[in-house]
Amino acid sequence: MKLLNTLATLLLAMIVVVFSPAALTDENNVQVGDLIQVDLPGESSLNRAFQVDKRGRINLPEVGQVFVAGFDETQLESIVVDALGTVFRDTTNVKVFIAERQILISVQGYVEAPGEYTIPYNSNVQMALQAAGGLRAGAQLNKMIHRRGADRIEFDYKQFLDTGDDSDLPALESLDILFVPASPLVGNVEQEFDAAKLADSGDSADSRQAIKVFGEVNAPGSFSYKANTDLVDVLMRAGGVTRYASVEQIRVISNNSPILFNLKRYLDSGDTSLLPPLQPGATIFVPKQEEEIKSGSNTVYVMGEVAAPGAFEGKPGATFMDILANAGGPTRFAESRQMRVIKSDGSIIPFDLTAYTEGLSTAQAPLSKLVTRFLYLRKQISMKSHG
């Protein structure tokens, strides 16, 4: 009769669990992974804790499997005492209680030691990953997956590591599954992962959302898009521009719209409104300075017998002597008495540099950043004296 009562109680308990799934998640009830203490004086096989397995059972010596998941401590004691009563005569001194609350978690994917782990109750995702030996190099942190039954949730573990905000991390319960994907950058062939190479080619694993940076930067590559990021942030993640970069002619394609960005103008003014807006999938190209033909209303051209002829950007207040000094000054072959300033309207103004330097003339050649186009230093006609 006692055996029939025990079987009836177990059957009723299973029916309660099937029709009341909330009982399994009640903090006061027995859950998978918990340790159940069973004390029976004089019985050496008992008097210890038994862990609740994945099916909600504990394995009692000489009794076998006893289903306990979903019961409170009062029901738990009744179930276990009835089960022990089928084997032991005196069960009046049996004590049954929840010794320790734990959860049973399965950690899969790109971790050091995937498998099932029992961790303390209320543990978070980070503790579950640590139980599995931690993440492998090359794990993709922003697309981890949490599964509970048929439910599947993708979450960003990297954001938690960046901010410490765990509000978006899923709460863990027994029988949950954590899956850690491998980054597409790892490749299809298993090999030792080199983090330095990853840094040299960007950190993005999503080619459609990544910001591509190439050209005259120190570390071109594809970089993950982050909200509120600007062009300077991305350039710094690419190692900054090289010494050959044409920072005045940076090309940006964002949201299918091409933009020409002058980094020098932004650095001179500090005006953040000059920064082009960046959208996911933007492209940034920094061209070589040598490949650019400088032109524009602010450009002054210096040619002829100077040490470094070329195109120079004019600035407010720049004088003739400033521009000439930037070009390295006249060479020893220059005819400094017959310099010519060619203005944008085609007019030509002669200038005697020798007379100016000797104090015979106090007027510099007129120079306007908006109208000056050419400064030409004529070579001496007679080269015999240099023979």
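Two strands are called paired when DSSP finds at least two bridges between them. Helices (H or I, at least four residues) and strands (E, at least two) are DSSP runs, numbered from the N terminus. The model shown is predicted: local features need pLDDT of at least 70, side-chain atom pairs count only at pLDDT 80 or more, and totals for chains, interfaces and linings use all residues. Residues are numbered from 1 along each chain as its sequence is written, and side-chain values use heavy atoms, with hydrogens and water left out.

**View 1. Overview of the protein chain.**
The protein chain holds 10 helices and 20 strands. Of its 387 residues, 35% count as buried. Buried means under 20% relative accessible area, exposed over 50%, and partly exposed in between (1.4 Å probe, protein chains only). The accessible surface comes to about 22100 Å², and carbon and sulfur atoms account for 51% of it. Areas come from the Shrake-Rupley method with a 1.4 Å probe; for residues, only the protein chains shown count as cover. A contact is a pair of heavy atoms within 4.5 Å. Take the contacts between residues at least 6 apart in sequence: 53% of them join residues at least 24 apart.

Strand β1 (residues 35-39) is joined to β5 by 5 bridges in the antiparallel sense. Look for Gln-37: it faces Phe-97 in β5.

**View 2. The largest nonpolar core.**
A nonpolar core is a set of buried Ala, Val, Leu, Ile, Met, Phe, Trp, Tyr and Cys residues joined through side-chain atoms within 4.5 Å. The largest one here has 24 residues. Ile-36, Val-38, Ile-58 and Val-80 have the most contacts inside it. Two or more residues come from each of β1, β3 (57-60), β4 (64-67), α3 and β5. Helix α3 gives the largest share, 6 residues. Val-80 touches Val-38, Ile-58, Leu-60, Val-68 and Val-96, leaving aside residues up to four places away in sequence.

**View 4**
Strand β10 (residues 177-180) covers one face and leaves one uncovered. Leu-178 and Val-180 are on the covered face, whereas Ile-177 and Phe-179 are on the uncovered one. Strand β6 (residues 102-109) runs parallel to β10, joined by 4 bridges. Here Gly-109 stands opposite Val-180. Strand β8 (residues 144-148) runs antiparallel to β10, joined by 3 bridges. In this pair, Arg-147 lies opposite Ile-177. Strands of a sheet pair through backbone hydrogen bonds, either parallel or antiparallel.

**View 3. The hairpin of β16 and β17.**
Strands β16 (residues 299-304) and β17 (residues 310-313) are antiparallel, with 4 bridges between them. Together they form a hairpin, with 5 residues between the two strands. Tyr-301 has Ala-311 in β17 as its bridge partner.

**View 4. Two loop residues with positive phi.**
Most residues other than glycine have a negative phi. Glu-62 is not a glycine, yet its phi is positive, about 70°. Glu-62 sits in the loop between β3 and β4. With a relative accessible area of 59%, Glu-62 is exposed. Asn-256 also has a positive phi, near 65°. Its loop lies between β13 (250-254) and β14 (257-261). Asn-256 counts as exposed, at 75% relative accessibility.

**View 5. Lys-226 and Gln-209.**
Lys-226 belongs to the loop between β12 (221-223) and α7 (231-237). Lys-226 is partly exposed, at 41% relative accessible area. In sequence, Lys-226 and Gln-209 are 17 residues apart. In space, their C-alpha atoms are 9.7 Å apart.
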